[in-house]
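Please look over the sequence and the model shown below before reading on. The report after it is meant for a reader meeting this structure for the first time.

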Amino acid sequence: IGGAYVAANMMVPQVHTPVAATLGLTAQAQQTAPADTVVFDLGRPATAAEIAAWDIDIRPDGAGLPDGSGDVWTGEDLYIDNCAVCHGDFGEAIGRWPVLAGGQGSLTNDRPVKTIGSYWPYLSTVYDYVNRAMPFGNAQSLTDDEVYAVTAYLLYLNDLVDDDFVLDRETLSTFEMPNRDAFYMDDRADTEYAIFTGEPCMENCKDTVEITARAAVVDVTPEDEAARIARQAAATGTDIGVTEADASAQVAAAETDDPVEEGTTPLAATATDNALADAGPDPELVAAGEKVFKQCSACHQVGDGARNRTGPMLNGIVDHPAGVVEGFRYSKVFGQFAEDGLVWTPEELSAFLAAPRDYAPRTKMSFRGLESDDDLAAVIAYLGTFAQ
Amino acid sequence: QGDPAITELQPWMQQLGEGVDARPYGMPSPHEAHVKRRSVEWLTADPVSSVNFTPLHDLDGIITPNGLCFERHHAGIAEVDPAQHRLMINGLVDYELVFTMEDLARFPRHNKVYFLECAANSGMEWRGAQLNGCQFTHGMIHNVMYTGVMLRDVLATAGVQTAGKWILPEGADASGMTRSIPMDKALDDCMIATHMNGERLRPEQGYPIRLVVPGWEGNMWVKWLRRIEVGDQPWHHREETSKYTDLLADGAARRFTWAMDAKSVITNPSPQAPLTHGAGPTVLTGVAWSGRGSIPRVDVTIDGGKNWHQARMDGPSFDKSMHRFYFDFDWDGKPMLLQSRAHDSTGYVQPTKNQLRQVRGENSIYHNNGIQTWAVDARGEAENVEIG
């Protein structure tokens, strides 16, 4: 292939010339392309290594699956470390992250629970998606064996296999998911288009009309004070100069008035004052830390309006007691840290972030750790710039 | 005495303004700061895998400004360096090829205006009126002019083999977005876009290249496009099995529901854009679109469907593009029930929400193109309601 292509490439580099025949394309290729298609001599051959690096997709028939295998128990450890923080210990999900297990028999309910076990038609989809997109924020970090193992454990969580199950190319490509036959091709052309076609009534179409549902009763629309003020200003012709930023500042101010939960140590301003003491943080180090923090930002927020998400918000974390951010559900090990009075000095933070799972066994934080001392110093300097 | 806007000297009448280059990339007037994309926080677990909405009520004409096109990301905005970005074609082709962005710019370029609508647009409204504002009920849509190359020209260069019936476009973001698309569509009107509304794609819209799949659900328009595999069958990946399948009342689900059926919404007045001028001449306006053609006609009613009037279509009418309609009338200052009903060039007439529910039940989430109702009270305030 490469040789044939190079030969074609050596032709006069006129974009509009080489036709299929000159390129030596097969008869099939010429058939597929529409008659008016011109073949352009552009691009270069992909190498085998390049294709191997990117061609990771898996199909229901097993096409694309790598060698390897994984068992349920290995999968459980991986799942607890990498997945449970969002999807819950049993696939029940935290917050609005996807529910992965259960829901069998619920698809005709008012509130169907669509999970891997109750809804997904093919097991290959689980392998493919975990492999390409999970863990969230650290995609493509699991080995082939690990993806097999996590996939096996997800079957176990859905009561679809026993605990001695081992997943590999053979068992995956022959596995039948319970909801496989409940999908069919789009049939709107047959079932809907005839009903929804034709000249509709234009005059005296009904005698009475009544309101049957109101969004104001549901009341879930985001408030937008600034837009309301702008509308009023436009209507009255008196622009009172309130901008979006002003309004959101008011909201932010109101939110920070939240009372500190009784019994917890307020995140002390003095802590961050210490971090900022003397000459203050090195701006270059802080800038480097901001880049490092991108690895953390899928789960942790800092700055104005920071909230707890998958992980606690981290404003004022440096030199602050561990495990006491209000409203965050900590793991047992962090509960113990709080009880022991651990304080996140730069040294302790550094030790934790270098090897989270050694420092805090069974922590919910699914992060492998920062290898570089420079990165550790930078991210701690960055965190030190955020006061509570 | 006189309007102070006239009788008083305004600062901009007297003082000099900023010179050229003060705003090398211009922004809207600060008085338009309320015109922006908005999200609904409770919809999703995390902003990096979420959606925001186009402010349809603040726009006119048919083109969506680039900075207001709604965003849907599955792993945040990929910040791609075009010099480090490639497009690979592999699978059932005669030549597996790699293209740089410069290579792609050497294919013939085309300009087309298309709408892009998320399949879940109006999905929150399946069970009843919920969100107050067309931004939230209908804002997962934008309509821009794309500049790009035809996918068929790029595929012809690789030489699609006879067995190649499907393509799998794949994104370069951390979700590795993939969808299966039939070859007929790929060779018909799909594009690889480099520009929107004359400028390069915005990062949040897939810079430097995205797939354009005219008339079909937005999830298929893969952003940050890095690879297209050609295969003989669909891949059944996550976004075409566990998501973007339409669960019906009997527990079965439609899959591959690609086309977006005809739909319309009145953008003004609407809950975020009340009538503030009282009785008298007023302009009702809205947008309509169909993934299966153009929109020759829109009907509107102000009395909840007792009587309908043909709206005035204005502006260019392109296939699979947004259309603008107006209804200019004298408001008597009494409460109104507003609806619009699109007719597309195939003869399809936009159904009511209850007609859709009769066919599909209430668990479909996707492809809700039912007629929207706004209740306008005597003050001109509008609310999202359903009527019977």
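The sections below describe a predicted model, moving from one chain as a whole to particular residues and bonds.

## Chain A in outline

Chain A is built from 388 residues, of which 39% count as buried, and its secondary structure consists of 19 helices and five strands. When contacts in chain A with a separation of 6 or more are considered, residues 24 or more positions apart account for 55% of them.

The accessible surface of chain A is about 20,800 Å², and carbon and sulfur atoms contribute 52% of that surface.

## Cysteines and the disulfide

The count over all chains comes to one disulfide, and this bond links Cys201(A) with Cys205(A), with a distance of 2.1 Å from S to S. The angle about the S-S bond is -100°, so that the link between Cys201(A) and Cys205(A) is left-handed. In general, a disulfide is a covalent bond between the sulfur atoms of two cysteines.

Leu9(B) belongs to the loop between helix 1 (4-7) and helix 2 (11-14) of chain B, and Leu9(B) is exposed because its relative accessible area is 57%, which is over 50%.

## Two buried residues of chain B that touch chain A

Glu239(B) is placed in the loop that runs between strand 13 (225-231) and strand 14 (246-247) of chain B, and this residue counts as buried because its relative accessible area is 5%, which is under 20%. Not counting residues up to four places away in sequence, Glu239(B) touches Tyr129(A) from chain A, together with His74(B), Met177(B), Thr178(B), Arg179(B), Asn219(B) and Tyr244(B) from chain B.

Ala375(B) sits in strand 23 (residues 373-376) of chain B and is buried, with a relative accessible area of 10%. With residues up to four places away in sequence again left out, Ala375(B) touches Ile211(A) of chain A and several residues of chain B, including Met336(B), Leu337(B), Glu381(B) and Val385(B). The C-alpha atoms of Ala375(B) and Gln339(B) are separated by 9.2 Å, while the two residues are 36 residues apart along the chain.

## Backbone features in loops

Most residues other than glycine have a negative phi, and most peptide bonds are trans. Against that background, the peptide bond from Met134(A) to Pro135(A) is cis, with omega near -5°, and Pro135(A) lies in the loop between helix 7 (123-133) and helix 8 (144-157) of chain A. A cis peptide bond also joins Asn268(B) and Pro269(B), where omega is about 0°, and Pro269(B) is found in the loop between strand 16 (263-268) and strand 17 (280-289) of chain B.

Gln140(A), which is not a glycine, has a positive phi near 60°; this residue lies in the loop between helix 7 and helix 8 of chain A, and Gln140(A) is partly exposed, with a relative accessible area of 43%. His236(B), likewise a residue other than glycine, has a positive phi near 55° and lies in the loop between strand 13 and strand 14 of chain B, where His236(B) counts as buried at 8% relative accessibility.

Notes: Residues are numbered from 1 along each chain as its sequence is written. Chains are lettered from A and ligands numbered from 1 in the order in which they are written. This is a predicted model: local features need pLDDT of at least 70, side-chain atom pairs count only at pLDDT 80 or more; totals for chains, interfaces and linings use all residues. Side-chain values use heavy atoms; hydrogens and water are left out. A disulfide is a pair of cysteine sulfur atoms within 2.5 Å. Helices (H or I, at least four residues) and strands (E, at least two) are DSSP runs, numbered from the N terminus. Buried means under 20% relative accessible area, exposed over 50%, partly exposed in between (1.4 Å probe, protein chains only). Contact means heavy atoms within 4.5 Å. Accessible areas come from the Shrake-Rupley method with a 1.4 Å probe; for residues, only the protein chains shown count as cover.
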